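I opened my notebook to look up a few things in this structure. Here is what I wrote down as I went along.

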Amino acid sequence: EPIRVVVTGAAGQIAYSLLYSIAKGDVFGKDQPIILVLLDIPPMLPVLDGVVMELQDCALPLLREVIPTDEVEVGFKDIDAAILVGSMPRKEGMERKDLLKANVAIFKTQGAALDKYAKKTVKRIFREEKSKSFWYKGHHVLVVGNPANTNCLIASKSAPSIPKENFSCLTRLDHNRASSQVAIRCGVSSDKVKNVIIWGNHSSTQYPDVHHAKVDLHGAEMGVYETVKDEAWLRGDFISTVQLRGAAVIKSRKLSSAMSAAKAICDHMRDIWFGTKEGEFISMGVYAAGNSYGVPEDLIYSFPVQIKNKTWKIVDGLPINDFSRAKMDATAAELVEERDTALDFLSQ
Ligand SMILES: NC(=O)c1ccc[n+]([C@@H]2O[C@H](COP(=O)([O-])OP(=O)(O)OC[C@H]3O[C@@H](n4cnc5c(N)ncnc54)[C@H](O)[C@@H]3O)[C@@H](O)[C@H]2O)c1
Ligand SMILES: O=C(O)C[C@H](O)C(=O)O
């Protein structure tokens with residue numbers, strides 16, 4: 001049976017890199033037929049036609065149908081996965097939270113539409129008794145549009161019939177950036193670095209943490225601090241490079257990151273579908289209720305997460321030192337402020 005995957009902002013630059021990877025089987029599996037639903041706003045329909053033509057011209061065997069639309073009712077009906085990209089990207093000099101007013105209303109509307117049109121396929125199939133994590137078959141909603149954490153929270157709050165566990169936001173790009181910076185520094189390929197963590201907001205207050213990360217150095221697994229042997233770099237330039245990478249790409253390309261964002265979306269969704277590797281964790285923004293790290297509950301906050309049987313679980317019990325604690329709290333404080341601003345704005 002084909003699965004139905006909707007990508008919003010399908011006429012935009014991230015989607016242009018993303019759709020090909022999804023349609024050729026990189027995300028949901030090489031044997032999984034796909035119906036791609038492309039949602040954008042009415043003025044972009046002619047552009048969507050061009051994207052449809054190109055997808056057809058790729059002659060991809062898994063791609064059974066492509067449906068371009070500007071109607072949420074069509075876009076969100078009976079979906080298995082929703083990737084919410086559609087929104088305004090930031091320009092040079094803007095902070096991600098500057099996009100709040102421009103974008104948050106989109107996610108309120110789309111959350112409400114998901115609630116209305118997607119809920120019929122939601123069925124609870126699995127629950128671990130002692131844990132708060134569970135998975136409802138039907139669909140997963142990944143929010144990419146910035147400010148991604150707060151947009152995700154608003155979409156989820158606007159879809160009360162869909163469990164909060166079905167929503168996540170993208171911090172995998174930051175996670176990949178952090179892994180790659182460490183790999184370059186250690187002179188190894190990026191697959192030799194595992195278990196970096198992005199805590200908090202997908203913004204310049206995020207905390208890229210390598211205290212629990214490992215590097216495979218010629219077959220021996222080592223801690224990042226003992227391998228890099230440069231605490232000043234790990235606590236200084238490494239962190240700020242990852243925090244400010246999005247702005248650096250915008251400054252240089254005059255456009256926000258797209259190829260790397262699309263790759264990160266694929267990594268995130270593939271892990272939701274197939275699970276994380278044994279002994280490894282990845283970063284994603286999830287609803288913070290019940291977390292053991294003292295993060296305020298009513299936030300979408302990026303945590304280390306493991307995924308099995310399409311069920312995500314925050315990795316508990318990692319020791320947190322004072323340096324990390326202060327950074328985790330600072331990014332949580334920013335998220336609280338963003339959430340309150342968004343809720344104020346939407347109530348006006
Ligand atoms: N979380 C992350 O890691 C991450 C990374 C990169 C970019 N982003 C964000 O992703 C978003 C998209 O970036 P882009 O470079 O593809 O932008 P883009 O401007 O190239 O494309 C955005 C598309 O969204 C469409 N759109 C706008 N409002 C819509 C709506 N209500 N419904 C459906 N579609 C709508 C636009 O018409 C456009 O086609 C931005 O908010 C950007 O900041 C997030
Ligand atoms: O930084 C941005 O505004 C774009 C994106 O979120 C990124 O991190 O590259």
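I call a residue buried if 20 or more other C-beta atoms lie within 10 Å of its own, exposed if 12 or fewer, and partly exposed in between, with C-beta atoms placed from the backbone. The model is predicted, so I keep in mind that local features need pLDDT of at least 70 and side-chain atom pairs pLDDT 80 or more, while totals for chains, interfaces and linings use all residues. Residues are numbered from 1 along each chain as its sequence is written, and chains are lettered from A and ligands numbered from 1 in the order in which they are written.

**Entry: record positions**

I checked UniProt, where an unreviewed entry places "binding site" at Asp-40, Asn-103, Val-144, Gly-145 and Asn-146. Such positions follow the numbering used here, feature names are shortened, and annotations may be inferred rather than shown by experiment.

Is Asp-40 buried or exposed? Asp-40 counts as buried because it has 23 C-beta neighbours inside 10 Å. I found Asp-40 in the loop between strand S2 (34-39) and helix H2 (45-57). Helices (H or I, at least four residues) and strands (E, at least two) are DSSP runs, numbered from the N terminus. Leaving aside neighbours within four places in sequence, the contacts of Asp-40 (C-beta atoms, placed from the backbone, within 7 Å) include Gly-9, Asp-70 and Gly-86.

Val-144 sits in the loop between strand S7 (140-143) and helix H5 (148-157). I also list Val-144 as buried, because 28 C-beta neighbours lie inside 10 Å. Beyond four places in sequence, Val-144 is in contact with Ile-14, Ile-83, Leu-84, Val-85, Leu-170, Ala-261 and Ile-265.

**Entry: the ligands**

For a shell I take residues whose C-beta atom, placed from the backbone, lies within 6 Å of the molecule. Ligand 1 has 28 residues around it, and Gly-9, Gly-12, Ile-14, Gly-86 and Asn-146 come nearest. That shell divides into 15 nonpolar, eleven polar and two charged residues. Here Ala, Val, Leu, Ile, Met, Phe, Trp, Tyr, Cys and Pro count as nonpolar, Asp, Glu, Lys and Arg as charged, and the others, Gly among them, as polar.

Asn-146 is also one of the residues surrounding ligand 2, as are Arg-90, Arg-96 and Ser-256. Which helix gives the most to the shell around ligand 2? Helix H10 (residues 245-253) does, with three residues.

**Entry: a sheet**

I noted an open sheet of three strands in the order S9-S12-S13, with antiparallel pairing; strands pair if DSSP finds at least two bridges between them.

Definitions and conventions
Two residues are in contact if their C-beta atoms, placed from the backbone, lie within 7 Å.
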